[in-house]
Amino acid sequence: MGLEPPSNMPQSFNDCIQDLGGSEIKIIIQKFLQVIDLMSQQNRLSISLKQIKSTFLNEDEERMLNAKRQMAVAFVEPGLSLSVSTVNLAKWNIGSSLSYIINGDYSKVLKNNKDSLKPNAVVQIWLFRAQPNLQLGFALIKVIDGENSQVID
């Protein structure tokens, strides 16, 4: 199984983002979760710049991350509860490549979703902008379960 083109966002996530005053919704990446993405002591979810489907930061946000600063972002967690957390977005050199990193309270996201987020699960990361000031936000949507490779509805 490869990483097929993304499907549409599930309606429950779309409704949650709309409730946050979300707009400009678009997919950023579809990826397999790696073991390191699930280690609470690492406390990070990586988004390789090489795999990003489209640019998503404005000039000010890009400048902030390039200056090695982080920004707080809204984060819609996977699962039935669709909890909304606040995590940080940063830009790191990992090996010889650049990646965006979701960290901060990401370990709490892992704890809240430990029964559903498994190695090799296929996830999509979607971007949105929330009112009142178009704050950056992300939604993590599990598409295929990692343990038995079943498509999740």
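Ile94 is found in strand 4. The model in which it sits is a predicted one. With a relative accessibility of 31%, Ile94 counts as partly exposed, because that value falls between the 20% limit for buried and the 50% limit for exposed. Neighbours within four places in sequence aside, Ile94 is in contact with Ser46, Ser99 and Ile101. One of these, Ser46, is 48 residues from Ile94 in sequence, yet the two C-alpha atoms are 9.3 Å apart in space.

The protein chain has three helices and seven strands, and read along the sequence they follow the pattern α-β-β-α-β-β-β-α-β-β. The seven strands form an open sheet of mixed pairing, in the order 1-6-7-3-4-5-2. Strand 1 (23–32) and strand 2 stand at the edges with a single partner strand each, so one side of each has no neighbour in the sheet. On average, and with direction ignored, neighbouring strands of this sheet are turned by 30° against each other. Within the sheet, strand 3 (residues 71–76) and strand 7 pair in the parallel sense over three bridges. Val76 has Ala139, in strand 7, as its bridge partner.

Helix 1 (residues 11–19) lies across strands 1, 3, 4, 6 and 7, and runs at about 170° to strand 7. Helix 2 lies across strands 3, 4, 5, 6 and 7, and its angle to strand 4 is about 60°.

Next, the interior. In soluble globular proteins, nonpolar side chains tend to be buried together. Here the largest nonpolar core has 28 residues, of which Ile47, Phe56, Leu89, Tyr100, Ile102, Leu136 and Phe138 touch the most other members. Strands 1 to 7 and helix 3 (106–112) each supply at least two residues of this core. Apart from it lies another core, of 13 residues, which include Met9, Cys16, Ala74 and Leu82. Over the protein chain, buried residues make up 45% of the 153 residues.

A search of the whole structure finds two aromatic pairs. In one, the rings of Phe56 and Phe138 have centres 5.9 Å apart and planes at 80°, so the pair is edge-to-face; the angle needed for that label is over 60 degrees. This pair links distant parts of the chain, 82 residues apart: Phe56 is in the loop between strand 2 (45–48) and helix 2 (59–66), and Phe138 is in strand 7 (residues 135–144). Phe56 and Phe138 are both buried. Ring pairs link Phe56, Tyr100 and Phe138 into a cluster.

Finally, the chain as a whole. Of the contacts between residues at least 6 apart in sequence, 62% join residues at least 24 apart. The C-alpha trace spans about 40 × 40 × 30 Å along its principal axes. A compact globule of 153 residues would have a radius of gyration near 15 Å, and the protein chain has 15 Å, so the two agree.

Technical notes. Residues numbered from 1 in each chain as written. Predicted model: local features only at pLDDT ≥ 70, side-chain atom pairs only at ≥ 80, totals over all residues. Heavy atoms only, no water. Phe/Tyr/Trp six-rings, centres within 6.5 Å; stacked < 30°, edge-to-face > 60°. Helix = DSSP H or I, 4+ residues; strand = E, 2+ residues; numbered from the N terminus. Buried < 20%, exposed > 50% of the residue type's maximum accessible area, 1.4 Å probe, protein only. Pairing = 2+ DSSP bridges. Axes fitted to C-alpha atoms, helices over the stretch in contact; angles between N-to-C directions. Contact = heavy atoms within 4.5 Å. Core = buried A, V, L, I, M, F, W, Y, C linked by side-chain atoms within 4.5 Å. Rg over C-alpha atoms; globule rule 2.2 N^0.38 Å.
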